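Please read this briefing alongside the sequence and the model.

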Amino acid sequence: MGEPLGGLLSAPPAIVAAGVEAFSAAARGQGAAVTDVAWRPPAFGDPADLTQLALDPRRAAANRTAVERVLAAGSLLTDVRPAREVLGLPDRMLLHAGPPLTWEAASGPMRGALLGACIFEGWASGPADAERILAAGEIALEPCHHYRAVGPMAGVTSPSMWLWCLADPVHGGQAFSTLNEGLGKVLRYGAFDAEVQARLGWMRDVLGPVLQRAVARRAGDPVDVRAILAQMLQMGDEGHNRNRAGSLLTLRELSPSIVEVDAPAADIAAVLRFIGGNEHFFLNLGMPTAKLAMDAARDVPGATMVTVLARNGTDFGVQTAGTGDRWFTAPADTPVGLFLGGYGPDDANPDIGDSAIMETYGVGGFAMAAAPAIVRFVGGTVPDALATTERMYQLTLAENPAMQIPVLGFRGAPTGIDVVQVARTGWLPQINTGMAGRVAGTGQVGAGLVQPPQRCFEQALAALAAESRAAR
Amino acid sequence: MSPDRQAPGVRHVSLRSGVYADSVRLMQVSRHVGALPGVGAVLVAMATPLNLELAAGMGLAPDGDAAPDQLLIALSAGDEQALAAAVATVDTALAAREDPGEARAVPARTIGAALADLDAGSALAVVSVPGPYAVAEAADAIAAGHSVLLFSDGVPVEHEVALKRAAHEAGVLLMGPDCGTAMVSGIALGFANAVRPGAVGLVAASGTGAQQVTCLLDAAGVGVSHVLGVGGRDLSAAVGGLATLDALAALDADDATERVLLVSKPPAPAVAGSVQRAAAGLTVPVHSAVLSAGSPDLTAAVEALLSDLGVDVPAWPSRPGTADAVPPGAVLKGCYAGGTLADEAMLIATPVLGAVRSNTPLRPDLDVGTNLAARGHVVIDFGDDALTAGRAHPMIDPTLRLEAVAAIADSGEPAVLLLDVVLGYGADPDPAASLAPALQAAGLPAVVALIGTEADPQSWSRQADALSEAGAAVFASNAAATRYALDLIGDRHG
């Protein structure tokens, strides 16, 4: 048996105080070491709900279980295959980013991407025809998340698109994402013109098959994608808005196997040129890596940890470990940031994409300190970037020892967003993101920063409290 | 704005080699230059295919071949002057150093976050946020393996039980809720007095009761190891003494503690039994100062402890008053800030005076409710929750009590005033400054129980002298003060 009350009576204790300042002052006056909490009433949530969750005897252990699964999850690149084969995606079904969505509710870039996918699949002869079949409900729409997939921006995934197939060797999970098209006028930003179609066709006919064979050559030594993510954080990337180092590391990992693929030299060169020219090529590998980790933490009763942050361009959706597949949605906000060329704030669509899975996993905006350049999207300075990450530590359950942030003394990235902590601190998760043009067909207009609507967390908190009461 | 907007007026399109800046920096420069007067479209970017396409869309494509490692400066303006200014601004903006700014600490917003950042083995969380939010903060500390002083009130009893069970499981102590007084390893917390260190440990379900006991011990030269508050409800049937049992065990294991004194109101019978059994099983001797109709008062309990320790009982400090003209039929008017001290006064006065009415009565039929001006023998606890809602405790803000003293004087009812004044950390820095003139103005015989020590920030003797000069009789013992007030009344009765 140790000292009584953890040594409280052995020596003057360090005091941590929340509330009346006079008490802190009196203790300080007696020579006590006092830390004052900058306490404020919770930003939202019924106090009875917060109390219910604070006293739920399951919560601490459940959150520990959930976040430990997140930290333990691995990510190996096992295959590259068409969505039709690997997800069983049937004809006339499209996956999209974010929570469930109808054509009627879809925003411009989402509509543009859906149109483009219908054309790409040959289900429609052109934009007008595609719009007609989509408006008629002839195309089933499902969230990527419902298929263990994640898609950046519009995230539109059609049967003929090739997917990265990643596996978590620890928990046995699988996750999938499309191949990244590059920047500018691309499908995921809502562009669908002939240039977009030509690129998608080349990706289907050349890039996908070459990558599949290259990855197959690494079958005995699959690429450890989580290790790349860990390395890139130490090279100025944060894994969401900056993927430069990660993309080059991926190229380095894959290029020998690509070169060994029996394909025309021109195709090999085109593949290498395409990967090398796309600073976000890694994003579609990082996202399923994060997805594997967050899916490992699904369905832990009593856990108040967020497992999904995702946007469909109209709504923002949140899921938690304690509430299964239930979506908590609210209208998405529009990012703030910098614009390409002549575009401005009026051109930006509301927040879109499954890529906030990176923040859910503790990188992206949460690892802002690793990539101070990002904070300049909103006119911030390096200390702002550090402060952003410092705030996120107060929202999260753990520090990920695999994802270290050099400038913070190699401290692990803040990982595992706790809905209760979001309410109590009043700080919403920080998300780094690209911005799509609000008009279908435009493409990317900028990049910046955004936060989820508080309303999602209000609903999640109330649902978690209701579940907690029901479980007693 | 459309990217296809054609540039008005004059244009500048140039490519520079050997210059690199990242895209975020260049987007910032573009925005800065675009905000200048007379400037139309601006694109300052590395000449990648994507950016060349954007420039073409703006009607600002460069002539000839461009390479991705070249810097493209493309802009349009209303006239040559604005254009030249814009190009010059591109250069200065590119050369500008970003202000590195000041590193800013992000303060913790929760007890949990603060404890996570703390580099200390043993910490104590002191929580005094509004009641509805207090449980979450206290639970943070318990989950992190630290004890809590929960000052907040308004915490429902079922939450108190849940926190205390969790604390027990975690091997820590929850002091409270509504725990106003504690002392841990020499650090006084909340309302507590500057007493000497020593060998007596207190487990206290009553804050002012603990203050009375520690101050008397100090006056007798006996010091205190710790005062572990447990909250006023701990010995109720609902809570079952959860914190009392943990606190007793902790003091038993504490090397500095050689005697334990349990200070409380009467516990629920079943709880009293379990506490007695627990106390009997400890190595350290446990005394009790439990206020009830048949039990000794707090001063007597202290005296019994002193004799057990072989310490002479001193003459408890006092100052004479000037009251020698108590009118016949005078009634006792107790105006208390400390609930336990008010109880003690009523317990002592009732056998002498018969029924004493109160807002916190000994029996329900003696309740005056909200009628603070009730006639006859009355003891009011101004620290009761009903009277502190929306205002500070009377140990900090004397206003309500001083108004009551004036009202008693104005009523013309012959009376002896009995008041407590509690000194120490957290209390009014100079209570005599407002009370002495109020007593003088009232002109009634006054007796004050002055709870404090010489070492308190207010100094016992300085306050005692000031009150005595105003005519009040002053006692360090509340029991002695009460008996003196009864004697004044009794003399006239006799």
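**Strand β9 of chain A**

All 6 of the 6 residues of strand β9 (residues 315-320) of chain A are buried, so this strand is largely enclosed by the rest of the structure. Strands (E, at least two residues) and helices (H or I, at least four) are DSSP runs, numbered from the N terminus. Buried means 20 or more other C-beta atoms within 10 Å of the residue's own; exposed means 12 or fewer, and partly exposed lies in between, with C-beta atoms placed from the backbone.

This is a predicted model: local features need pLDDT of at least 70, side-chain atom pairs count only at pLDDT 80 or more, and totals for chains, interfaces and linings use all residues. Residues are numbered from 1 along each chain as its sequence is written, while chains are lettered from A and ligands numbered from 1 in the order in which they are written.

- In a regular strand, side chains alternate between the two faces of the sheet.
- Asp315(A), Gly317(A) and Gln319(A) point one way from β9(A), and Phe316(A), Val318(A) and Thr320(A) point the other way.
- Strand β8 (residues 306-312) of chain A runs antiparallel to β9(A), joined by 5 bridges. Strands count as paired if DSSP finds at least two bridges between them.
- Across that pairing, Arg311(A) stands opposite Phe316(A).
- The hairpin of β8(A) and β9(A) has 2 residues between the strands, and Gly313(A) there takes a positive phi near 90°.
- Strand β10 (residues 328-331) of chain A also pairs with β9(A), antiparallel and over 4 bridges. Here Val318(A) has Phe328(A) as its bridge partner.

**Chain A overall**

- Chain A holds 15 helices and 16 strands.
- Its radius of gyration is 23 Å, which agrees with the value near 23 Å for a compact globule of 472 residues. That radius is taken over C-alpha atoms, and the globule rule is 2.2 Å times the number of residues to the power 0.38.
- The C-alpha atoms of chain A fill a box of roughly 80 × 45 × 45 Å along the principal axes.
- Of the 472 residues in chain A, 62% are buried.
- Among contacts in chain A with a separation of 6 or more, 73% link residues 24 or more positions apart. A contact needs C-beta atoms, placed from the backbone, within 7 Å.

**A three-strand sheet in chain A**

- An open antiparallel sheet of 3 strands has the order β3-β6-β7 in chain A.
- β3 (76-82) and β7 (174-178) of chain A stand at the edges with a single partner strand each, so one side of each has no neighbour in the sheet.
- The twist averages 25° from one strand to the next. Axes are lines fitted to C-alpha atoms, for helices over the stretch in contact, and angles run from 0 to 180 degrees between N-to-C directions.
- Strand β6 (residues 162-167) of chain A is joined to β7(A) by 5 bridges. In this pair, Leu163(A) stands opposite Thr178(A).
- Helix α7 (residues 194-217) of chain A packs on the sheet, touching β3 and β6 of chain A; its direction makes about 145° with that of β3(A).
- Helix α11 (residues 283-296) of chain A lies across β3, β6 and β7 of chain A, at about 155° to β7(A).

**Contact with chain B**

- In chain A, 58 residues are in contact with 73 residues of chain B.
- Elements including β1 (14-18), α1 (21-29) and α2 (47-54) of chain A each supply at least two residues of this side.
- α13(A) gives the largest share, 6 residues.
- By class, the side of chain A that touches chain B has 38 nonpolar, 13 polar and 7 charged residues. Ala, Val, Leu, Ile, Met, Phe, Trp, Tyr, Cys and Pro count as nonpolar, Asp, Glu, Lys and Arg as charged, and the others, Gly among them, as polar.
- β1(A) pairs in the parallel sense with strand β4 (residues 123-127) of chain B, over 5 bridges. Val127(B) is the bridge partner of Ala18(A).
- The predictor gives the complex an ipTM of 0.91 and a pTM of 0.89.

**Backbone notes**

- Asp299(A) has a positive phi of about 60° although it is not a glycine. Its place is in the loop between α11 and β8 of chain A.
- A cis peptide bond joins Gly176(B) and Pro177(B), with omega about 0°.

Terms used: Two residues are in contact if their C-beta atoms, placed from the backbone, lie within 7 Å.
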